[in-house]
Amino acid sequence: MTTTTPAPAPPTVTRRADRHQPSLARLTGVELRKLADTRAGYWLLITIGLVAAGIVTVQLFVLGDEQQNFADFFVPSLLPVGLLLPVLGILSITAEWSQRTALTTFTLVPRRERVVFAKLAAMVLAALGSVLVSLAVAAVATLLARATGGAGAWSFDGSMLLHAAVLQVVSVLMGAGFGLLLLNTPLAIVTYLLLPTLWSILGGMISALRGPARWLDTGVTMEPLLGPDVTAGQWARLAVSLLVWMVLPLAAGLARTLRREVS
C-alpha cells in the first residue's frame, strides 16, 4: 500500500509594495525635511523665528518695567507666528503639485492617505516647535528685562502653554485644509486669507450675522486661547468654528487628493 504525501500548501504571496511600505514615522521625517528643502519653506521657517524674536525685542523698548515679564513676552510672540504657520501648511501640501513631484511621491507610496497623514503630522510637529521658539525668545527677553531693570518675573500659568499649542496647531491645520482642498498655492493662500476675513467683516456689519459670527469667526473663537482661562462655552464655539474652517476642508481635500489624477 502506497501513501501519497500531500502537496505543500502554496506560499502566501505578499505584495512587494506592502512588504516595503515605509512606516508613518519615516514618512513624517521625510515630510519634515521637505519643509526646509524648498526655498520658500526654508525662508518661511527662518521668518517665523525672526518675527517671534522681533516682536519680543520691540516689547523690551515699548512695555513698562512692570510689564516686562515672561507671560507678556510669550503671548504676543504667538500672534505673528500664528499668521505664518497656515502659509507653511499650504506650501507643504501644494508643493507636491506645483513642483510636479506628486507623481514620484505617490509612485513610491501608492497609498496617498499615508502621505497626507505624514504631512499633517509634520505640520503639527512644526507648530509645536514654533511654540518652543516662542518660549525660548520669551525666556531670553525676560533675562534681558531683569538685567536692564525691568520686572523680569517668571510667573506663567501652565494652561497658557496648552492653549498656545492648540492655537498654533489648529492654525497650521486650517492652512493645510485649504491647501488640500484647492491644491494650488496662490489660490489657497488668497482663499485662506480672504474668506475668514470677509466673514469677520460681514459679521461686524450685518446685525443678523453677529450671532452666527460668534460661533464661526475664528478671529473671535480663537482669541480666548491667548489667555489662561477658557470657559466651556468658548471651547464649544471654537469647536464649531474649527469644524467649518478646518475639519470640512481637510475632509473634502483628502477626498479630492485621493481621487485626483496625477500627471
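**Surface, rings and charges**

Reply: Val190 is partly exposed, because its relative accessible area is 49% (under 20% is buried, over 50% exposed, and partly exposed lies in between, with a 1.4 Å probe and protein chains only). The model is a predicted one, in which local features need pLDDT of at least 70, side-chain atom pairs count only at pLDDT 80 or more, and totals for chains, interfaces and linings use all residues. Residues are numbered from 1 along each chain as its sequence is written, and side-chain values use heavy atoms, with hydrogens and water left out.

Me: Where does Val190 lie?

Reply: Val190 belongs to helix α8, residues 185-205. Helices are DSSP runs of H or I with at least four residues, strands are runs of E with at least two, and both are numbered from the N terminus.

Me: On to the rings, then. How many aromatic pairs are there?

Reply: The count comes to seven aromatic pairs. One of them joins Tyr42 and Trp43 edge-to-face, at 5.5 Å centre to centre and 80 degrees between the planes. Rings of Phe, Tyr and Trp (its six-membered ring) pair if their centres lie within 6.5 Å; planes under 30 degrees apart are stacked, those over 60 edge-to-face, and the rest tilted. Tyr42 counts as partly exposed, since its relative accessibility is 42%.

Me: What about Phe74 and Phe156?

Reply: Phe74 and Phe156 also form an edge-to-face pair, with 5.4 Å between centres and 90 degrees between planes. Phe74 lies in helix α4 (residues 70-98) and Phe156 in the loop between α6 (112-147) and α7 (158-182), so the pair ties together parts that are 82 residues apart in sequence.

Me: Buried or exposed, those two?

Reply: Phe74 is buried, because its relative accessibility is 1%, whereas Phe156, at 27%, counts as partly exposed. Both rings belong to one aromatic cluster, made of Phe70, Phe74, Trp154 and Phe156.

Me: Which rings have a charge sitting over them?

Reply: The charged end of Arg112 sits over the ring of Phe106, 4.9 Å from its centre. Likewise, that of Arg260 sits over the ring of Trp97, at 4.6 Å from the centre. The rule requires NZ of Lys or CZ of Arg within 6 Å of the ring centre and within 35 degrees of the ring normal.

Me: Now the charges. Which residues make up the salt-bridge network?

Reply: Glu31, Lys34, Glu96 and Lys119 are linked in that network. A salt bridge here is a side-chain nitrogen of Lys or Arg within 4 Å of a carboxyl oxygen of Asp or Glu. The model has five salt bridges by this rule.

Me: Take me through the links, please.

Reply: Lys119 pairs with Glu31, with 2.9 Å between the closest N and O atoms. Lys119 lies in helix α6 and Glu31 in helix α2 (residues 24-37), so parts 88 residues apart in sequence are tied together. Lys34 bridges to Glu96 at 2.6 Å between the closest N and O atoms; Lys34 is in helix α2 and Glu96 in helix α4, so this pair ties together parts 62 residues apart in sequence. Glu96 also meets Lys119 in a salt bridge of 3.0 Å, N to O, a link between helices α4 and α6 across 23 residues.

Me: Last topic, the backbone. Which residue has a phi near 60 degrees?

Reply: That is Arg100, whose phi is positive although the residue is other than glycine. Arg100 is in the loop between α4 and α5 (102-108), and it is exposed, with a relative accessible area of 67%. Leu183, not a glycine either, has a positive phi of about 55 degrees. Leu183 is found in the loop between α7 and α8, and it is buried at 7% relative accessible area.
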